[in-house]
Amino acid sequence: MTSAISTSTVRLVGVAVAGALALSAGAALAQTVKIGTPTFLTGAAAPAFGIPAKNGVELIVRGINNGELPAPYNTKGFAGRQVEALIYDEAGGGTKQVTEMRNKVQKDNVDAIIGIISSGTCAATTALSEELKVLTIQTVCGTTRVFEELNKDPKYVFRTINTATANNVSAARYIAAKMKGKVKGITGINQNYAWGQDSWRDFRLAMATLMPDVTATKKPQFPKIFSGQYGTEISALSRAKENLVHSSFWGGDLEAFIGQSSARGLFKRKLFVLTVGETVAYRLGKKFPQGIMVGTRGPYGMYVANDPSPINAWFQKEYRKAYGEPPSQPSYQYAQGYLAGKFAYDDAAKKAGKFPTTEQVIASLTGATFPSFVGNVTMGLSKGHQIVTDDRWGVTVWDDKKGEMVLEDVVIFPPGCVNPPNGVKSADWLKGGMKGAKC
Amino acid sequence: MDFELLLVILVDGLVYSSYLFLVAVGLTVIFGVQKVLNVTHGAFYAFGAYLTAYLIGLWAKGGLPDAGGFFLIFISAAILGVVLGVIIERGLLRFLYDRDEHIAVLATFAAFLVLEDVILLIWGTDPYLAFQPMSLLGSSEIAGLVFDNYSLTMIVLTFVVAFVLWYGLNRTQFGKILLAVIFDREVSMAMGINVTKVFLITFIIGTFLGALGGAYHAPIISVQPGIGVEVIVLAFAVVVIGGMGSIPGALIGAIVVGISRAAAVHLFPEVELFVIYGIMALVLIFRPEGLFAPIKARKI
Amino acid sequence: MNRLFDKTFWGLTIGLVGLLALNFFLEEWMRSIGLQSLSRGCVAIGLLILWRTGLVSFGHALFFGFGAYTVAMMQILGVNDLFVLLICGMATAGFLAFFLGFLLRKYRAIFFALLNMAFSMILYGVLAKAEWLGSTDGFGVKQVSFIGMTPADDMYRPLLFVCAAFFAYISAVGAHWYLKSTLGMMTMAVRENEIRVEYLGYSAEKAIHVKYVLSGLLAGVGGVIMAVTVGHVDPDSMVYWPVSGDFVFITILAGTGNVGATFIGALVYELLRTYAFEFAPHLWQLILGGSLLLIIMFLPDGLWSIRSELRNRRELRQAKRDSDNRAAEVRR
């Protein structure tokens, strides 16, 4: 019995060792930059976020490797080396993602991680990125906890999307600017997990500062994520005396909610602000309600569909050609992470005179201002690790000529208007009445 | 509390109860007869939803009348009941009846994992929408609120399904045979009952019901990956509350949870999320066999 | 050979020494796989203890999650030593098992399995929904100290591996000795016929209760190891029902013949998962589920049965040779 256990264990581990050696030998030969990219390939977050994000990555990597992108990104690869994107599944929860990221870094020897959709994954893997000393560019998650609580002194972790706070502050600003007198009170329906809870809290606090005489409900709805059946909540919202409904729903939950609410006339009774509504607007097409405020968390997707900036024009044209539909926000956000990567690698290589080390790449990215799809963006917060971009809001309207949903009455809020000043925690900033905002 | 609010809670509660019952009844039928907690049930639900949404999409593209959607719902469920039911029962479960009960549960768990990915292979990750039947039926006003008629028909369907099952079990010959098999499989076999056939038919019925749950919800929800996992939890909770294997139990369990949840959403939304687990915990502590558990004989 | 220090004991001991030696050569990702196997292995031993009585739990993620969350909560309270955390994790999981045991010891067969699942779902519901318990995001787990010592960065995980190996070793040996004790053996009889056991003067319910608490403790150990290894706890990967399913999977994979085999089962599962995930990111569930089905159908007694099968064949061959020899002698 004794030998059976130990020999079979040894044999199994032996096989694993041999496999690993073979893999690392292969990695040393090829002169590529390996990038691990987690995105939802399975599960409920795949259709609205995961797959468009993956498409965006595949397109931008093709563009980068062939040098197809307009200037200043018209050189091939990251610092001259071809980019190899290892796309893997983000489903399964934070703990599993920690394991997967470790595998990608230690087993597959990736040079950097660019991606991550869920705030849960970002929160779970931030400490690991620092431990493994791997450059990590988080692209979609919005939780402020990453740099304000979990990783106050970041070195390897960056984020190239505004926090969720910015998204909800700009929504409140838009309402204050455009709907004065029309809004009698606010209520909300958000999924009962960190994203939904944070979104509602930020929105409520921002509204309390900007429109103090508008009351907020004491009974916001927090249904379980992925519940898919919102009949009772729709009744409760219809009966509520507040006339503006805030929701950070996304993906299938949002589509189901829109279908059920349309059938019950809720969109005719209430004003709506959908903070990431754009993720389903193209898919639903004409079924998406008109006259709804939708957000994209920055200059992405629908808001820049007609922007003539060269990089954006290239992306719009090639994306529609490759996938037969316009790119929505996750495609942009993931691609922006890769642009940040290209900028940092190229810049570091120029400074170093040779292919840069991770530390040199990080030095180039920290606090950098780099050209993105529409104009420059800056890594302006959290010691130069958190991006600040403008944020845009408008109202949906169906364009018969184009055959797709477009936005009207768009207002662009500059980065300083919707983000706290450097060094101030988002929650404190909101509670303190958003002092120091530059609008 | 005003009368209107009570009425709204009742209607909302019944709609949600119907949803729960349709989701849970297939699970309880199979458990009652075969003593297998059929985790594959979640995949049956997902298959039902996908096939229906897909067919309704094709139907609409073909320019055929929207009313056909209802026909497609039942056709999809029936096809899946037979196809998946036979594959899982004949291809997998029948080899496991003689082994420990939990092996069968684990096998259905494995089959569930496989079927989830099969769905992905067939239909991809894009969500399917099939709102046509819901739009077709329009809406009506109750207590000053607009309700969509499609959801209201779910209540009717629930009572129809419950009645047919009750009638089938208590008033037909097959029902009597079934009861004999539930009570003692070996003796029934000795009495000349073809237990193999009974099991297959029950499993097909259970599969049909699981698929019907998904098929009937397809027009309301967005049909997308992952819907099956959620359903398992809800269905299991209802079945535990009502008593595992009991059809009236599933109905009562669904109604108790549905109405309590509706009351919570309207009155105290902050506790809504705990309602189903709270009821489950109470039932488990005071009546762990569920509200309507069938009596068990203890073998010596 | 002494009753306590039998072949399995020495096998486990050699296994431990082997692991400690291997620790010097492992690449970091392999060590992580090893740590997770040790963690899941501990839980699976707990399941094996129950299995010997014919009871299967589809909800042991409940205790696993309790152990793991205890680590996170204690760290928030400022406790950071691995050994203290281990004791706390075992204590909370053990107490929970003790209380639930009063209810669950009355149930058998599938009802036992499913009531466990129901309780784990309640915990899942509470964790996922209560904001102060981290909601769906869960908590991060910081690096721990070892009896007050904080090792250098590159020594941290090897040291953790040594500790985890010791924990698993003690769990496995303890479980093995328990199963060989009178109390342990008696519960196997419960599986066959409970009422006869009671006529012998033993209380089957009490024996099951003891087993239940033991399995809860072991799952707690597994949870603590997992939380510290991964550095994060969240409801989806610690308490959700498929997690419990994975534990039963490992138990079936390993077979219930031997506690040591459980760790091999856990390792095979970990490798299967890692490679399925790597080579088929879209279809890893299919590979995992498919392997499970194959094992259920063709290896009903788990990997361990391959070994007994081989031994049986060898004995058969030996017997055949013997009889051939005898026949030859007779002919002569």
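In this predicted model, A:Phe203 is buried, with a relative accessible area of 0%. This residue is found in helix 7 (residues 194-210) of chain A. Which residues does A:Phe203 touch, once those up to four places away in sequence are set aside? The answer is A:Asn168, A:Ala171, A:Ala172, A:Ile175, A:Ile186, A:Leu244, A:His246 and A:Val273.

In soluble globular proteins, nonpolar side chains tend to be buried together. Because A:Phe203 has a relative accessible area of 0%, and the cut-off for being buried is under 20%, this residue counts as buried. The largest nonpolar core has 303 residues, and A:Phe203 is listed with A:Ile175, A:Phe288 and C:Trp241 as having the most contacts inside it. The element that gives the most to this core is helix 1 (residues 3-34) of chain B, with 16 residues. Another core lies apart from it and has 62 residues, including A:Leu41, A:Ile64, A:Ile117 and A:Val304.

Chain A itself can be read in two parts. Domain 1 covers 31-162 + 307-388, and domain 2 covers 165-296 + 390-431. How far apart are the centres of domain 1 of chain A and domain 2 of chain A, taken over C-alpha atoms? They are separated by 27 Å. To the contact between them, domain 1 of chain A brings 21 residues and domain 2 of chain A brings 25 residues. About 1800 Å² is buried between these two domains, and carbon and sulfur atoms give 55% of this area. On the side of domain 1 of chain A, the residues that lose the most area to domain 2 of chain A are A:Glu148, A:Asn162 and A:Gln329, which together make up 28% of what that side buries. One salt bridge is found across this interface. Elsewhere in the description of chain A, a salt bridge joins the side chains of A:Glu404 and A:Arg320 (3.4 Å, N to O).

Chain C also has two domains, with domain 1 spanning 7-301 and domain 2 spanning 304-332. Their C-alpha centres lie 40 Å apart.

Next comes the meeting of chain C with chain A. Here 46 residues of chain C are in contact with 43 residues of chain A. The area buried between the two chains is about 4100 Å², and 62% of it comes from carbon and sulfur atoms. Which three residues supply more than any other three of the area that chain C buries against chain A? They are C:Trp29, C:Asp137 and C:Phe277, which supply 17%. Two salt bridges are found across the interface of chain C and chain A. The side chains of C:Glu28 and A:Arg102 meet in a salt bridge, at 3.9 Å from N to O.

Within chain B, confidence is highest in helix 9 (residues 195-217), at a mean of 94, and lowest in helix 12 (residues 272-286), at a mean of 82.

How values were computed: Residues are numbered from 1 along each chain as its sequence is written. Chains are lettered from A and ligands numbered from 1 in the order in which they are written. This is a predicted model: local features need pLDDT of at least 70, side-chain atom pairs count only at pLDDT 80 or more; totals for chains, interfaces and linings use all residues. Side-chain values use heavy atoms; hydrogens and water are left out. A nonpolar core is a set of buried Ala, Val, Leu, Ile, Met, Phe, Trp, Tyr and Cys residues joined through side-chain atoms within 4.5 Å. Buried means under 20% relative accessible area, exposed over 50%, partly exposed in between (1.4 Å probe, protein chains only). Helices (H or I, at least four residues) and strands (E, at least two) are DSSP runs, numbered from the N terminus. Domain bounds come from an automatic or database domain assignment. pLDDT is the predictor's confidence in each residue, from 0 to 100. Contact means heavy atoms within 4.5 Å. Buried area is the accessible area (1.4 Å probe) that two parts lose on being put together, summed over both. A salt bridge is a side-chain nitrogen of Lys or Arg within 4 Å of a carboxyl oxygen of Asp or Glu.
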